[in-house]
Amino acid sequence: MAKVIIAGQKHLSIPNLPRNSRHTLICPKAFPAGRYPIDKVWPHLAPLASFLAWQPVWQRYQVIHSFNKILYTNKPWFLTLEDHRVLYIEPHNKGEAAIYEFLNNRLALDNCRKIIAISDYAKLRFINRMEGWKIEEKVSKKVDVIHPNFPVRVNQAKLYQEQQNLQLIFIGNHIARKGGIVALRLAKKAEELGLPITIHIISELAHGFGVPTDFPDRSKYVDDLKLLNLNNVVFHKNLPNEKVLELLSQSHFQLMATLHDSYGYSIIEGFSVATPAITTNVCALTELVRHGENGYILELPINEIRHWSNWLHGEKTKSDEYWEIVNSAYDYLVEQAFQQIIQFLDRSDKQEHYEFLSAGALAQVQIVHNSEKQNEFFDNLYAAAV
């Protein structure tokens, strides 16, 4: 049995670790953000903070599993990543460039045993980022795709109950980026047309400046957020995870019409209670949702790295042109989602079709995200490293 240090970003580690390991997993206390000693002594060499991802651990350990962080260590270690985040920061000076090169080259050392991408999208981003590097070939051979794992909470597909409104649920603290604006505009359209649809919104309503893909001026979203008061919208701000899962299990579809999401954990949590999803074709989402099999895909124009191709960056996001782009994208997704729902409601075989979609959702989590299988994989990985 090994003692394994868990380092790096906690949000990524939770669904990408063994759930019931035979090894001892140690999660050291992190230093407070922005207060690493190296930052105080030499601020422009902040990348060296990657060496100090945790406070000192005085007990013996044999292995390190790091999440989105490249570490300086002589121990055997594994790296799990969600895109190219461990490599992507552009250096601002020669000192930083040297540090990033030094850190990235550690991926080619023998004690870096394996690099685990959580999706084919993550692997694509990582491999693209290394293109032309001296270490590209050696590091590429270490990369495997292992999807996040979740407990399967039900053992059979759901049945469609026609007596109640179609229940949709949106989950996402970033209300605009994740597709909450689309959900609200869809609710407005459904209410105007008298369609039997209820939409639950679980969100902290973060939006605007600092959120990827959003228009930075929050005032543009004021009218949309007023739609939270519609009769067919139920707004939940903060809920414990068990309550979220309960609402997911009671919903017919999860709606996540996102402009950008590197994975989509809530979709798999929905699948764990046999709830199909309606989402977009960006990033890793088409690896999770197959149109007509376990949900529906709304098509956005995407580029070669599976990002929404109309996404602008930097100062361009402040322009009226970008608001028109974002605003029209929301409307475009509303229309696609509306047509998909109408097609579903008009089906003569919707009960059988819904049960098929629900079974497909459950099969996805049972086969690809099975926590028991992943547990065995990681336990064997740690054992082999000792």
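## Close-up views of a predicted model

**View 1. Cys283 sits in a loop between a strand and a helix.** Cys283 belongs to the loop that runs between strand 11 (277–280) and helix 10 (285–288). Please keep in mind, here and in every view below, that this is a predicted model. Although Cys283 is not a glycine, its phi is positive, at about 50°. Is Cys283 buried or exposed? Its relative accessibility is 0%, so Cys283 counts as buried.

**View 2. Leu205 is another loop residue with a positive phi.** Look for Leu205 in the loop between strand 8 (197–202) and helix 7 (222–225). Its phi is near 65°, a positive value in a residue other than glycine. The relative accessibility of Leu205 is 19%, and because buried means under 20%, Leu205 counts as buried.

**View 3. Thr317 and its surroundings.** Thr317 is part of the loop between strand 12 and helix 11 (320–346). With 14% relative accessibility, this threonine counts as buried. Which residues does Thr317 touch, not counting residues up to four places away in sequence? They are Phe215, Pro216, Leu312 and Tyr322. A polar atom of the Thr317 side chain also lies 2.8 Å from the backbone oxygen of Gly314. Asp214 is 103 residues from Thr317 along the chain, yet 7.9 Å separates their C-alpha atoms.

View 4. The model has 15 aromatic pairs. One of them is formed by Phe253 and Tyr296, with 5.8 Å from centre to centre and 35° between the planes, a tilted arrangement. Phe253 lies in strand 10 (residues 253–256) and Tyr296 in strand 12 (residues 295–298), so this pair ties together parts that are 43 residues apart in sequence. Phe253 and Tyr296 are both buried. Now turn to the rings of Phe253 and Tyr354: their centres are 5.6 Å apart and their planes stand at 85°, so this pair is edge-to-face. Here the link runs from Phe253 in strand 10 to Tyr354 in helix 12 (residues 350–367), distant parts of the chain 101 residues apart. Tyr354 is buried, as is Phe253. Ring pairs join these residues into a cluster made up of Tyr160, Phe253, Tyr296, Phe344 and Tyr354.

**View 5. Two charged side chains lie over phenylalanine rings.** Arg19 lies over the face of Phe150, 5.7 Å from the ring centre. In the other example, the charged end of Lys189 sits over the ring of Phe338, at 4.4 Å from its centre.

Key. Residues are numbered from 1 along each chain as its sequence is written. This is a predicted model: local features need pLDDT of at least 70, side-chain atom pairs count only at pLDDT 80 or more; totals for chains, interfaces and linings use all residues. Side-chain values use heavy atoms; hydrogens and water are left out. Rings of Phe, Tyr and Trp (its six-membered ring) pair if their centres lie within 6.5 Å; planes under 30 degrees apart count as stacked, over 60 as edge-to-face and the rest as tilted. Helices (H or I, at least four residues) and strands (E, at least two) are DSSP runs, numbered from the N terminus. Buried means under 20% relative accessible area, exposed over 50%, partly exposed in between (1.4 Å probe, protein chains only). A charge sits over a ring if NZ of Lys or CZ of Arg is within 6 Å of the ring centre and within 35 degrees of the ring normal. Contact means heavy atoms within 4.5 Å. A polar contact is a pair of N or O atoms within 3.5 Å; within protein, one must be able to donate a hydrogen and the other to accept it, and residues adjacent in sequence count only if both atoms are side-chain atoms.
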